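Please keep the sequence and the 3D view at hand while reading.

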Amino acid sequence: MTTLTTIASSRDASLCRRDKVAYARGMSKQLEDSALMLRYRDGDIAAFETLYRRHNDSLYRYLLRLSANRQTAEDVFQDAWSKIIKARQNYRPTAKFSTYLFRVAHNCFIDYVRRNKRHGRETNTDPDLSPDQGEAPEQLAERHLARKQLDNALNTLPDEQRDAFLLHEEGGLSIDDIGFVTGANRETAKSRLRYAVAKLKSEMVKANATDKGIYDE
Amino acid sequence: MSNDKRQADNPDLSTAYRAVANERTPPALDRAVLTLAKQETRVSAGSDWLYRWYRPAVFVATVGLSFALILELSETPKPGLPDSGVDSSINGVAPVSESPFQGAADATARQVRRLGIDANSSMSESPPSMNESAVPANSSLSDTGSLLPATDSCSDEQRANTASWWACIEELENQGLTQAAERELQTLLRDFPGFSLPE
């Protein structure tokens with residue numbers, strides 16, 4: 001956990017600012033998402049672009065970690081957005097747009113896995129580790145290590161637990177929404193998320209202990 | 001609910017996760033999705049136009065065709081009424097006949113009548129040199145039933161004396177208009193009882 005905590009503190013300022021802005025937007029953001037989708041339904045392409053920019057990265061990360069395969073993530077990502085684009089005439093803002101988006105993506109992923117029996121998991125989901133501005137090589141190495149730890153920890157989780165954790169982290173979905181997206185009841189979704197969090201924490205502590213042991217030696 | 005939230009949220013883990021999970025969508029993927037969105041909007045604009053105008057256009061076309069059909073049917077002569085010279089079979093309405101022979105006879109009669117009308121009209125269209133009289137052909141189908149023009153008779157000047165009248169009658173005979181010539185001769189004999197035919 002030390003490695004992760006160190007990196008986290010270096011990015012704390014920007015993350016907090018981002019969270020505060022997101023929180024300040026609060027409920028109205030959801031309304032804006034739906035309104036943007038409705039405007040796109042009526043032919044406003046700029047509205048779609050705004051909507052897309054809001055959700056593209058989180059959806060991509062969700063699929064990247066869910067599939068643990070870059071190519072699969074990209075295929076499913078494109079498929080999910082394509083379905084949303086094509087079905088825009090039938091869009092009704094009955095739920096949060098993010099819930100709708102992640103449900104579509106979840107179903108696309110399930111379909112993809114069924115279609116492609118050869119879908120395999122990769123150990124490295126992100127070879128693109130270019131240094132940030134002013135980042136020292138040591139920091140870059142630490143970040144790489146932390147990401148590897150995270151991916152390894154996520155890969156130890158059962159699929160349903162990993163799905164629940166990623167929906168919570170990337171989609172910002174509540175337990176009810178996770179249940180809706182995955183088709184599970186509320187208690188099942190809650191239990192999956194709780195087990196996922198507990199197991200991830202334990203895996204990361206284990207990984208940090210191993211790293212510390214290596215460095216101590 | 002707050003208990004659930006507490007169980008689900010783990011600030012340390014979330015912060016740690018977000019610190020490392022910062023991948024961004026590849027630009028090529030962004031371009032592909034946005035291009036698709038634009039294309040679909042364009043396609044949709046076309047299909048929306050079609051969808052908006054399809055139903056009214058179909059409605060107007062149906063009403064127009066129905067109206068034209070009603071007009072056409074109302075103008076078609078009913079079988080059994082006097083023939084107005086229009087072949088009813090042309091309009092798709094078969095004539096009602098009592099027997100197959102009667103139907104065939106009617107059809108033949110109509111055909112002959114039509115041919116007769118065509119012949120007359122072609123005669124009327126022929127140059128005056130072919131037809132010595134410039135009288136309309138339709139008027140020839142008058143009382144006598146012959147093809148003589150109605151004015152194929154002698155003029156008042158010719159009727160002024162027996163010599164010129166007789167000359168006119170001879171001229172009519174030479175032209176083959178024997179009936180007109182006979183009619184003129186009878187009139188001459190009535191008006192001039194003392195007239196004796198030349199040898």
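Which residues in α5(A) meet which residues in α8(A)? A:Thr99, A:Phe102, A:Arg103 and A:His106 of α5(A) meet A:Asp177, A:Phe180, A:Val181 and A:Thr182 of α8(A). Two residues are in contact if their C-beta atoms, placed from the backbone, lie within 7 Å.

## Basis of the description

This is a predicted model, in which local features need pLDDT of at least 70 and side-chain atom pairs count only at pLDDT 80 or more, while totals for chains, interfaces and linings use all residues. Residues are numbered from 1 along each chain as its sequence is written, and chains are lettered from A and ligands numbered from 1 in the order in which they are written.

## The two chains

Chain A has nine helices and zero strands, and its pattern along the sequence is α-α-α-α-α-α-α-α-α. Chain B has six helices and zero strands, running α-α-α-α-α-α from the N terminus on. Helices (H or I, at least four residues) and strands (E, at least two) are DSSP runs, numbered from the N terminus.

Of the 217 residues in chain A, 36% are buried; for the 199 residues in chain B, the share is 12%. A residue is buried if 20 or more other C-beta atoms lie within 10 Å of its own, exposed if 12 or fewer, and partly exposed in between, with C-beta atoms placed from the backbone. Among contacts between residues at least 6 apart in sequence, those joining residues at least 24 apart make up 70% in chain A and 24% in chain B.

## Helices α5 and α8 of chain A

Two packed helices are described by the angle between their axes and the distance between the axes. Helix α5 (residues 97-115) of chain A packs against helix α8 (residues 175-182) of chain A at an angle of about 35°, with the axes 8 Å apart. Axes are lines fitted to C-alpha atoms, for helices over the stretch in contact, and angles run from 0 to 180 degrees between N-to-C directions.

The crossing of α5(A) past α8(A) is right-handed. A crossing is left-handed if the near helix is turned anticlockwise from the far one by less than a right angle, and right-handed if clockwise. The contact of α5(A) with α8(A) comprises three nonpolar, three polar and two charged residues. Here Ala, Val, Leu, Ile, Met, Phe, Trp, Tyr, Cys and Pro count as nonpolar, Asp, Glu, Lys and Arg as charged, and the others, Gly among them, as polar.

## Helices α3 and α4 of chain A

Helix α3 (residues 45-67) of chain A and helix α4 (residues 70-86) of chain A have axes 8 Å apart and pack at an angle of about 135°. That angle makes α3(A) oblique to α4(A); angles under 35 degrees count as roughly parallel, over 145 as roughly antiparallel, 65 to 115 as roughly perpendicular and the rest as oblique. The residues in contact include A:Leu59, A:Tyr60 and A:Leu63 of α3(A) and A:Val76 and A:Phe77 of α4(A). By class, this contact has seven nonpolar, two polar and one charged residues.

A:Ala68 lies in the loop between α3 and α4 of chain A. Although A:Ala68 is not a glycine, its phi is positive, at about 55°. Is A:Ala68 buried or exposed? A:Ala68 is buried, because 20 other C-beta atoms lie within 10 Å.

## Nonpolar cores

In soluble globular proteins, nonpolar side chains tend to be buried together. A nonpolar core is a set of buried Ala, Val, Leu, Ile, Met, Phe, Trp, Tyr and Cys residues joined through C-beta atoms within 7 Å. The largest one here has 54 residues, and those with the most contacts inside it include A:Leu63, A:Val76 and A:Phe77. α3(A) gives the most to this core, with nine residues.

## Where the chains meet

In all, 28 residues of chain B are in contact with 38 residues of chain A. On the side of chain B that touches chain A, the largest share, twelve residues, comes from α3(B). That side of chain B has 14 nonpolar, seven polar and seven charged residues.

Two residues of chain A illustrate the meeting of the chains. Leaving aside neighbours within four places in sequence, A:Phe77 is in contact with A:Leu59, A:Tyr60, A:Leu63 and B:Leu29. A:Ile45, found in helix α3 of chain A, is in contact with B:Ala37, B:Lys38 and B:Thr41, again leaving aside neighbours within four places in sequence. A:Ile45 is partly exposed, with 15 other C-beta atoms within 10 Å.
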